[in-house]
Amino acid sequence: MENKKGLVLVYTGNGKGKTTAALGLALRAVGHDEKVYIIQFMKGNEKYGEVQAVRKYLPNAELVQKGLDKFVKKGKPLEEDLKLAKEGIDLAKDVISSGEYDLVILDEINVAVDYGLIKEEDVLDLISIKPEHVTLVLTGRYAPEKILEAADMVSEVREIKHHYKQGIKAQPGIEY
């Protein structure tokens, strides 16, 4: 889109809906014939609904997962977790700097920083190389203060009530 101002958007907080909000932006961007690239950090399950939907219904969007199909142990990441996170950062650098995409979503990158898989400085570097027209979305709990300061928009999703605490397990189409 001509003369578009790219932004840095952060979705953080302990509530549910950060990835969902980012994916809503992807849907909106594709609706405007924009190109979207999504990198999911710390996620490696091809059966997630968003992975299937992006591949099936959003031809102008690409989604790559850079994580294993299991939880990362905070303070005890596996070598493979660290390797995949580095691959994700390197890929993000290439995708962002190419200027080929209008919207780049780095899903769960804030958690990857908090868990020590990625350095905060690496994320700040991604923000600094972002071309003027590219919008960059960073999701995940625990967004560091410097990243919040560098952002144009920050939304904090706060949990008030969650069905999980009532014993309702994760459901397809809702949690994944």
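**Around helix 3**

Guide: Let's start with D90, which counts as partly exposed because its relative accessibility is 35% (buried is under 20% relative accessible area, exposed over 50% and partly exposed in between, with a 1.4 Å probe and protein chains only). Please keep in mind that this is a predicted model, in which local features need pLDDT of at least 70 and side-chain atom pairs count only at pLDDT 80 or more, while totals for chains, interfaces and linings use all residues. Residues are numbered from 1 along each chain as its sequence is written, and side-chain values use heavy atoms, with hydrogens and water left out.

D90 forms a salt bridge with K86, their closest N and O atoms being 2.9 Å apart (the rule asks for a side-chain nitrogen of Lys or Arg within 4 Å of a carboxyl oxygen of Asp or Glu). Both residues lie in helix 3, four residues apart, or about one turn of the helix (helices, H or I of at least four residues, and strands, E of at least two, are DSSP runs numbered from the N terminus). K86 counts as exposed, at 51% relative accessibility. Helix 3 also holds E87 and K83, likewise four residues apart and therefore separated by about one helical turn. E87 and K83 form a salt bridge too, with 2.8 Å between the closest N and O atoms. E87 is partly exposed at 26% relative accessibility, and so is K83, at 43%.

A search of the whole structure finds 11 salt bridges. One of them joins the side chains of D114 and K74, at 2.8 Å from N to O. This pair links distant parts of the chain, 40 residues apart: D114 is in helix 4, and K74 is in the loop between strand 3 (61-66) and helix 3. D114 is partly exposed at 30% relative accessibility, whereas K74 is exposed at 51%.

Now for the nonpolar side of the story. The largest nonpolar core has 30 residues, of which F41, V104, L106, I109, I118 and L138 touch the most other members (a core is a set of buried Ala, Val, Leu, Ile, Met, Phe, Trp, Tyr and Cys residues joined through side-chain atoms within 4.5 Å). Among the elements that each supply at least two residues of this core are strand 2 (36-41), helix 3 (79-98) and strand 4 (103-107). Helix 3 provides the largest share, five residues. Beyond four places in sequence, F41 touches K66, A85, G88, I89, L106, D107, E108, I109, A112 and I118 (contact means heavy atoms within 4.5 Å).

Finally, look past the end of helix 3. Y37 and Y101 form an edge-to-face aromatic pair, 5.1 Å centre to centre with 80 degrees between the planes (rings of Phe, Tyr and Trp, the last by its six-membered ring, pair if their centres lie within 6.5 Å; planes under 30 degrees apart count as stacked, over 60 as edge-to-face and the rest as tilted). Y37 lies in strand 2 and Y101 in the loop between helix 3 and strand 4, so the pair ties together parts that are 64 residues apart in sequence. Both Y37 and Y101 are buried.
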